[in-house]
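Let us take a walk through a protein structure together. Have a look at the sequence and the 3D view, and then we will go through them step by step.

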Amino acid sequence: VSRVLMSLFVLFDICSESTFPESHSSHGVGFATRQVGNRTKPNFVMSVDDQGAICMKSQSAFKTTEVKFKLNEPFEETTADDRKTRTVVSLDNDKLIQKQSWDGKETLIEREISDGKLVAVIFHFIF
């Protein structure tokens, strides 16, 4: 397991998601779900098992989601907002890149450690 991945295997609090309501409305996420999502500050936990599979878990009072995967291997994911995606996670330039594809749309989530904090940047694309 790389140095970058090892630095991610801790518990993080999500401090803010300033564009959650706006960015998710274009993907069909309902108003109520966007409002709850914007107010929810989940814990984010990453771990790795003995087989090298990575687990990412987001835990909150509203919802808990968990995905297990190996780097660069596609898998089926059900997101916190119930999208069914084809997802691939890779490591690029000290960033963990999660690419979700569904219905001609794509979300790219870049995660990295900056000043001891987990920073996640989300990009949405519609084709």
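Are F69 and F75 buried or exposed? Both F69 and F75 are buried. Before we go on, keep in mind that this is a predicted model. To describe how two aromatic rings sit together, we give the distance of their centres and the angle of their planes. For F69 and F75 the centres are 5.5 Å apart, with 5 degrees between the planes, and the pair is described as stacked.

Now let us follow the chain into its strands. Strand β5 covers residues 75-78 and strand β6 covers residues 84-92; the two pair in the antiparallel sense over 4 bridges.

Strand β7, residues 95-102, runs antiparallel to β6, and 7 bridges join them. Here V89 has Q98 in β7 as its bridge partner. The hairpin formed by β6 and β7 has 2 residues between the strands, and in its turn N93 shows a positive phi of about 50 degrees.

N72 is not a glycine, yet its phi is positive, about 65 degrees. This residue, N72, lies in the loop between β4 (64-69) and β5. With a relative accessible area of 54%, N72 is exposed. D103 is another example: it is not a glycine either, and its phi is positive at about 45 degrees. You can find D103 in the loop between β7 and β8 (105-114). D103 counts as exposed, at 72% relative accessibility.

Next, let us turn to the charged side chains. The count of salt bridges comes to 6. One of them joins the side chains of R86 and E76, at 2.8 Å from N to O. R86 lies in strand β6 and E76 in strand β5, so this pair ties together parts that are 10 residues apart in sequence. How do the two ends compare with the cut-offs for exposure? R86 has a relative accessible area of 43%, so it is partly exposed, while E76 has 58% and is exposed.

Another salt bridge is formed by the side chains of R83 and D81, with 2.9 Å from N to O. Both R83 and D81 are buried. R83 also has a second contact to look for: its charged end sits over the ring of W102, 4.4 Å from the centre of that ring.

K99 and E106 form a salt bridge as well, and their closest N and O atoms are 3.7 Å apart. K99 is partly exposed, with a relative accessible area of 37%, whereas E106 is buried at 14%.

Take K95, which lies in strand β7. The C-alpha atoms of K95 and R111 are separated by 5.5 Å, although the two residues are 16 residues apart along the chain. K95 is partly exposed, with a relative accessible area of 24%.

Which residues make a nonpolar surface patch of about 280 Å²? The patch is made by V119, V121, F123 and F125. Among them, V121 lies in strand β9 (residues 117-126). V121 has a relative accessible area of 35%, so it is partly exposed.

Notes
Residues numbered from 1 in each chain as written. Predicted model: local features only at pLDDT ≥ 70, side-chain atom pairs only at ≥ 80, totals over all residues. Heavy atoms only, no water. Pairing = 2+ DSSP bridges. Phe/Tyr/Trp six-rings, centres within 6.5 Å; stacked < 30°, edge-to-face > 60°. Buried < 20%, exposed > 50% of the residue type's maximum accessible area, 1.4 Å probe, protein only. Lys NZ or Arg CZ within 6 Å of the ring centre and 35° of its normal. Patch = residues over 30% accessible without salt bridge, like charges linked within 9 Å, V, L, I, M, F, W, Y side chains within 5 Å. Areas by Shrake-Rupley, 256 points an atom, 1.4 Å probe, with all protein chains shown as cover. Salt bridge = Lys/Arg side-chain N within 4 Å of Asp/Glu carboxyl O.
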